[in-house]
Amino acid sequence: MITLREITAMEPASITCDRCGRISNNDPGNFEFAECLSIKHTCGYGSIIGDEVTLRVDLCQHCVKEVLLPFSVAN
Ligand SMILES: [Zn+2]
């Protein structure tokens, strides 16, 4: 038998776009927040950027559209 206990967890209250500065609050039904994109990547050995350099970026959907849409592929 498993017994459960209540825990508290941290979640983002908002995301600030690293490109344009737009702030998207984590409110229920806020599609601006839901469509933000966060990327974190740690480069490895042989990377031209640098071994163990961590890249981290948060983008709003408007910047994702401008920057990444050209790289989209059809599903
Ligand atoms: Zn943005």
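These legends walk you through several close-up views of a predicted model.

**Close-up 1. Four cysteines hold the zinc ion.**
Start at the metal: the zinc ion is coordinated by the SG atoms of Cys-17, Cys-20, Cys-60 and Cys-63. The distances run from 2.3 to 2.4 Å. Look next at the angles that the four donor atoms subtend around the zinc ion: they span 105 to 116 degrees, which makes the arrangement tetrahedral. For comparison, the ideal angle for four tetrahedral donors is 109.5 degrees.

**Close-up 2. The zinc donors along the chain.**
If you follow the sequence, the donor residues of the zinc ion are spaced C-x2-C-x39-C-x2-C. The pair Cys-20 and Cys-60 links distant parts of the chain, 40 residues apart. Cys-20 sits in the loop between strand 1 (14-16) and strand 2 (23-25). Cys-60 belongs to the loop between strand 4 (54-59) and helix 2 (61-68).

Cys-20 counts as partly exposed, because its relative accessibility is 43%. Cys-60 has a relative accessibility of 1% and therefore counts as buried. Cys-63 is buried too, with a relative accessible area of 2%. While you are looking at cysteines, note that a search of the whole structure finds zero disulfides.

Side chains of opposite charge can pair when their charged atoms come close. The structure holds two salt bridges, and this view shows the one in which the side chains of Glu-66 and Arg-19 meet, at 3.4 Å from N to O. Glu-66 lies in helix 2 and Arg-19 in the loop between strand 1 and strand 2, so the pair ties together parts that are 47 residues apart in sequence. Glu-66 counts as exposed at 56% relative accessibility, whereas Arg-19 counts as partly exposed at 47%.

Asp-58, in contrast, has a relative accessible area of 15% and is buried.

Terms used:
Residues numbered from 1 in each chain as written. Predicted model: local features only at pLDDT ≥ 70, side-chain atom pairs only at ≥ 80, totals over all residues. Heavy atoms only, no water. Donors = N, O, S within 2.8 Å, 3.2 Å for Na, K, Ca; no water. Tetrahedral: all angles 85-135°; square planar, octahedral: opposite > 155°, others 65-115°. Helix = DSSP H or I, 4+ residues; strand = E, 2+ residues; numbered from the N terminus. Buried < 20%, exposed > 50% of the residue type's maximum accessible area, 1.4 Å probe, protein only. Salt bridge = Lys/Arg side-chain N within 4 Å of Asp/Glu carboxyl O. Disulfide = S-S within 2.5 Å.
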